[in-house]
Amino acid sequence: MNIDPKARVRLAKDVLMQKVGDDAILLNLNTENYFTLDEVGTRIINALQESDSLKQAVRKLVGIYDVDENKLTSDAIRLVEKCEQHGLLQVAEA
């Protein structure tokens, strides 16, 4: 799947996100699929939830991490695709 950077990403219906220290767990209550996120993954998901697009979330994170915007965009898209495959995130195309 090719995700448009203008797409909006949200937790899928019936998915809970529970913080555990700096990490988090995404859990789909219907399928019982879950995904454990490290600190960076947690920040990416939080930024996505607070932003109107993947691109906007990446711009916020570039200000926090010393990383190339294209690299962070690629990493964020890969995380979103993996979580979407497991029914944890949903992508609303722009």
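How are H1 and H2 oriented to each other?

The model is predicted; local features need pLDDT of at least 70, side-chain atom pairs count only at pLDDT 80 or more, and totals for chains, interfaces and linings use all residues. Residues are numbered from 1 along each chain as its sequence is written, and side-chain values use heavy atoms, with hydrogens and water left out.

Entry on the helix pair. I looked up helix H1 (residues 39–50) and helix H2 (residues 54–62), whose axes come within 8 Å and cross at roughly 130°. Axes are lines fitted to C-alpha atoms, for helices over the stretch in contact, and angles run from 0 to 180 degrees between N-to-C directions. H1 and H2 are therefore oblique to each other, the class left after under 35 degrees (roughly parallel), over 145 (roughly antiparallel) and 65 to 115 (roughly perpendicular).

I then listed the contacts (heavy atoms within 4.5 Å). Arg43, Ile44, Ala47, Leu48 and Glu50 in H1 meet Leu54, Ala57, Lys60 and Leu61 in H2.

Entry on Thr42. I found this residue in helix H1. Thr42 is buried, at 1% relative accessible area; buried means under 20%, exposed over 50%, partly exposed in between (1.4 Å probe, protein chains only). A polar atom of the Thr42 side chain lies 3.2 Å from the backbone nitrogen of Ala24.

Entry on Leu11. I placed Leu11 in strand E1 (residues 8–11). Leu11 counts as partly exposed, at 22% relative accessibility.

Technical notes: Helix = DSSP H or I, 4+ residues; strand = E, 2+ residues; numbered from the N terminus. Polar contact = N/O pair within 3.5 Å; in protein donor to acceptor, adjacent residues only side chain to side chain.
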